[in-house]
Amino acid sequence: MSAPAVDPLYLSAVNKIGVYTSGGDAPGMNACIRAVVRSAAYFGIEVVGIRRGYAGMIAGDFTDMTPSSVSNIVQRGGTILKTARSDEFRTPEGREKAAANLKAAGIDGLVAIGGDGTFRGGVALHREHEIPVVGCPGTIDNDLYGTDYTIGYDTAVNTALEMIDKIRDTADAHDRLFFVEVMGRDAGFIALDTGIGSGAEAILIPELKTSMVTLLETLDRGKRRNKTSSLIIVAEGEEEGGAFRVAEQIKNELGYEYRVVVLGHVQRGGAPSARDRVLASRLGHGAVEALREGHTNVMIGVTHNRVVLTPMSQTWKHTKAIDHSMIDLAEILST
Ligand code: F6P
């Protein structure tokens with residue numbers, strides 16, 4: 001396969017870009033960094049890595065990156081640039097310091113890899129200091145409008161499934177009821193997909209109010225069908241307040257013995273899945289192309305298998321909707 005030709009007459013809007021990861025890490029962030037660095041080099045654009053997100057931008061924690069500095073990272077979880085959450089960057093003074101550092105380093109464009117908090121920071125920086133910024137959606141929660149999937153989501157779901165399959169074995173051996181809490185601060189995407197994938201008896205997500213009565217009926221129905229073990233998947237952002245609270249309520253009503261497992265940060269680690277590596281590569285490349293073409297304040301996403309741009313502000317103004325037919329499917333298959 002021959003490489004696509006670079007149009008020599010095309011004048012890039014940027015000459016030196018900064019790339020950073022911010023907020024919660026997600027498997028595939030490294031693949032995205034690699035795509036940014038290698039695509040930029042392909043177009044003759046220099047790249048500076050900004051360590052620890054906005055905290056590093058304020059501290060001037062920068063490192064020059066070349067195609068060889070991203071060798072052997074496509075398969076690694078975490079982020080080689082580290083990540084952080086910065087309170088100082090939320091202030092105009094913090095952003096002023098960051099912008100001064102970027103300008104002193106000759107950075108004329110940014111690729112921000114993270115969630116909506118990361119994008120809000122980028123938009124504020126552009127508004128006050130006119131540095132163009134383009135975002136790549138990186139969060140295991142998959143809760144960003146403007147892309148079908150975010151970097152890290154597929155891996156997180158697969159990690160959760162691997163764990164839940166093991167829990168099913170012991171649940172079955174002891175005829176027990178297990179409540180498994182998965183991540184997803186404000187969204188139930190991980191819970192819904194892991195629930196369907198693991199054949200859970202019920203799934204509790206923040207987007208849908210499931211009454212205790214319905215849950216009790218579900219468990220009761222299972223009992224009548226001689227089900228001896230049951231798995232209930234609970235999204236951490238679920239409105240009852242998580243797996244322990246729901247489990248206690250069930251115990252009070254039915255007197256069932258139960259166990260609770262909170263999968264937690266294990267879902268954020270590990271080698272990215274094939275899907276996440278490919279998605280991250282497409283998004284990183286798309287971000288460089290967008291900056292080169294003079295775009296700013298946009299997020300690169302993939303919808304219906306096409307790379308698309310969405311204004312960053314829409315990623316937090318609109319809520320990505322759960323597909324209700326998936327909720328119906330989960331219910332039908334668990335009966
Ligand atoms: O946003 C990703 C996420 O993993 C959420 O699902 C979770 O609530 C949160 O980050 C945890 O953040 P921290 O690592 O700061 O505890």
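**Helices α3 and α4**

I began with the pair α3 and α4, which are roughly perpendicular to each other, where angles under 35 degrees count as roughly parallel, over 145 as roughly antiparallel, 65 to 115 as roughly perpendicular and the rest as oblique. The axes of α3 (residues 92-104) and α4 (residues 116-129) cross at roughly 75° and come within 10 Å; I take axes as lines fitted to C-alpha atoms, for helices over the stretch in contact, with angles running from 0 to 180 degrees between N-to-C directions. Helices (H or I, at least four residues) and strands (E, at least two) are DSSP runs, numbered from the N terminus.

I then listed the residues that make this contact (heavy atoms within 4.5 Å): P92, R95, E96, A99, L102 and K103 come from α3, and A124, L125, E128 and H129 come from α4. The residues of the contact of α3 with α4 divide into five nonpolar, one polar and four charged, with Ala, Val, Leu, Ile, Met, Phe, Trp, Tyr, Cys and Pro counted as nonpolar, Asp, Glu, Lys and Arg as charged, and the others, Gly among them, as polar.

I note for the record that this is a predicted model, in which local features need pLDDT of at least 70 and side-chain atom pairs count only at pLDDT 80 or more, while totals for chains, interfaces and linings use all residues. Residues are numbered from 1 along each chain as its sequence is written, and side-chain values use heavy atoms, with hydrogens and water left out.

**F119 in α4**

I stayed with α4 and looked up F119, which has its place in that helix. F119 counts as buried because its relative accessibility is 0%; buried means under 20% relative accessible area, exposed over 50%, and partly exposed in between (1.4 Å probe, protein chains only). Leaving aside neighbours within four places in sequence, I find F119 in contact with A112, G114, G135, C136, P137, L144, M299, M312, T315 and W316. For M312 I also noted the C-alpha to C-alpha distance from F119, which is 6.4 Å in space although the two are 193 residues apart in sequence.

**Aromatic rings and charges**

How many aromatic pairs does a search of the whole structure find? The search returns five, where rings of Phe, Tyr and Trp (its six-membered ring) pair if their centres lie within 6.5 Å, and planes under 30 degrees apart count as stacked, over 60 as edge-to-face and the rest as tilted. Y42 counts as partly exposed at 35% relative accessibility, whereas F43, at 15%, counts as buried. I also recorded that Y20, Y54 and F89 form one aromatic cluster.

I checked next for charges over rings, a term that requires NZ of Lys or CZ of Arg within 6 Å of the ring centre and within 35 degrees of the ring normal. The charged end of R292 sits over the ring of F43, 4.1 Å from the centre of that ring. The charged end of K320 sits over the ring of F189, and here the distance to the centre is 5.4 Å.

G49 belongs to strand β2 (residues 46-50) and is buried, with a relative accessible area of 0%. Beyond its neighbours within four places in sequence, G49 is in contact with V19, D61, F62, T63, M65 and L81. I also looked up G49 and H174, whose C-alpha atoms are separated by 51 Å and which lie 125 residues apart along the chain.

V74 sits in the loop between β3 (62-65) and α3 and counts as partly exposed at 23% relative accessibility. Once neighbours within four places in sequence are left aside, I find V74 in contact with A31, R34, P272 and R277.

R176 lies in the loop between α5 (153-174) and β6 (177-182), where it is buried with a relative accessible area of 16%. Leaving aside neighbours within four places in sequence, the contacts of R176 are A171, T228, S229, S230, E257 and R259.

**The loop between β10 and β11**

Last, I looked at the loop between β10 (298-303) and β11 (306-311), where H304 is found. H304 has a phi near 50°, a positive value in a residue other than glycine, and at 71% relative accessibility it counts as exposed. N305 has its place in the loop between β10 and β11, and its phi is positive at about 65° although N305 is not a glycine. N305 counts as exposed at 58% relative accessibility.
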